[in-house]
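Visitor: Hi, I'm new to this one. Could you walk me through it?
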Amino acid sequence: MQPIGLDELKKIQTEILDEVVAFCEAHGIRYYLAYGTLLGAVRHKGYIPWDDDIDIHMPRPDYERFIELYNKEQEREYAVVTHELDRRYHVPFAKIYRKGTVVNEFFYKQSVFGVYVDIFPLDGIRHKWQAYICGQCIRFMYIKTMIFCDRQTLARKARLALTKLILLPFSCHCILKTMKRIATRYRYAECEKVCSFGSRTAMREILPREVFDGQTTVTFEDKEYNAPEGYDRYLTQKYGNYMQLPPPEQRVSSHDSQAYKLQE
């Protein structure tokens, strides 16, 4: 396998983003830049300098339609994966990935995907307990898929082993099915508030639906993409004073992985 460097990784990711945008525009599907990608667009007009991924939000009806339609054309260079489509995939949101690549994550079991863009559904929410339980499901799922490695202390390995033992009766697929059932309990269009339940910080991501009812455009790596019209409210709730740079020691990627091209 041939390692993919950071510049090439970002190039592939932006190509995937453009593929998603073109498909969404062709089929009338709503999407918005999300998380650090949206923050990077607003603050840096592109990637946050120490970031290395791209995130998108879609309201649940659009998310389900995107997944239903996209893989029907088998000759695509890209594919969408969810835990419903592949039981080996252990993440509570979709990824669209480049075929012929692979990503090895150092702390978690390998899910089935290559260089990717994350797609997080937005769901209606009426009770905070929904976000709390989904957050616990995500925590359990990550513990179940976490692997032992030399970077962990002996005490950390012991705690991890004990928690894995307790969670043994529950498969990742079962946890993710439970999480989706809670997340989709209420219809998106019938709720005054929405939440990205697939995030580890779902409790901090409960927002008025009106934040996403309209859209605007922002610049990301010299191109224009959709952002929620209420992006200031979104970014402020998620990051606080988001235009202020974090301390130097916090300017690091939150991912620990290596991407490769597969040999043809």
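This is a predicted model: local features need pLDDT of at least 70, side-chain atom pairs count only at pLDDT 80 or more; totals for chains, interfaces and linings use all residues.

Visitor: Okay, at what angle do α4 and α5 pack?
Guide: Helix α4 (residues 128–145) and helix α5 (residues 154–167) pack at about 110°, and their axes are 9 Å apart. That makes α4 roughly perpendicular to α5. Helices here are DSSP runs of H or I with at least four residues, strands are runs of E with at least two, and both are numbered from the N terminus. Axes are lines fitted to C-alpha atoms, for helices over the stretch in contact, and angles run from 0 to 180 degrees between N-to-C directions. Angles under 35 degrees count as roughly parallel, over 145 as roughly antiparallel, 65 to 115 as roughly perpendicular, and the rest as oblique.

Visitor: Which residues of α4 and α5 meet?
Guide: From α4 there are Phe140, Ile143, Lys144 and Thr145, and they meet Leu160, Thr163, Lys164 and Leu167 of α5. Contact means heavy atoms within 4.5 Å. The residues of this contact of α4 with α5 divide into four nonpolar, two polar and two charged. Ala, Val, Leu, Ile, Met, Phe, Trp, Tyr, Cys and Pro count as nonpolar, Asp, Glu, Lys and Arg as charged, and the others, Gly among them, as polar.

Visitor: And how do the axes of α4 and α6 cross?
Guide: They cross at roughly 165° and come within 9 Å. α4 and α6 are therefore roughly antiparallel to each other. The contact includes Trp129, Ile133 and Met141 of α4, along with Ile175, Leu176 and Met179 of α6. By class, the contact of α4 with α6 has 13 nonpolar, two polar and one charged residues.

Visitor: Switching topic: which residues touch the most other members in the largest nonpolar core?
Guide: That core has 59 residues, and Met58, Phe66, Ile96, Phe212 and Tyr234 touch the most other members. Helix α1 (residues 6–27) gives the most to this core, with eight residues. A nonpolar core is a set of buried Ala, Val, Leu, Ile, Met, Phe, Trp, Tyr and Cys residues joined through side-chain atoms within 4.5 Å. Buried means under 20% relative accessible area, exposed over 50%, and partly exposed in between, with a 1.4 Å probe and protein chains only.

Visitor: What does Phe66 touch?
Guide: Leaving out residues up to four places away in sequence, Phe66 touches Val20, Phe23, Cys24, Ile29, Met58, Val80, Ile96 and Ile119. Apart from that core lies another, of 21 residues, with Ile125, Met179, Cys195 and Ala202 among them.

Visitor: Where is Glu190?
Guide: Glu190 sits in the loop between α6 (172–183) and β8 (193–195). With a relative accessible area of 47%, Glu190 is partly exposed. Not counting residues up to four places away in sequence, Glu190 touches Arg126 and Arg209.

Visitor: What's the phi of Tyr35?
Guide: Tyr35 has a positive phi of about 50°, although it is not a glycine. Most residues other than glycine have a negative phi. Tyr35 is in helix α2, and at 7% relative accessibility Tyr35 counts as buried.

Visitor: And is Glu221 buried or partly exposed?
Guide: Glu221 is partly exposed, at 36% relative accessibility. Glu221 also has a positive phi of about 50°, and it lies in the loop between β10 (215–220) and β11 (223–228).

How values were computed
Residues are numbered from 1 along each chain as its sequence is written. Side-chain values use heavy atoms; hydrogens and water are left out.
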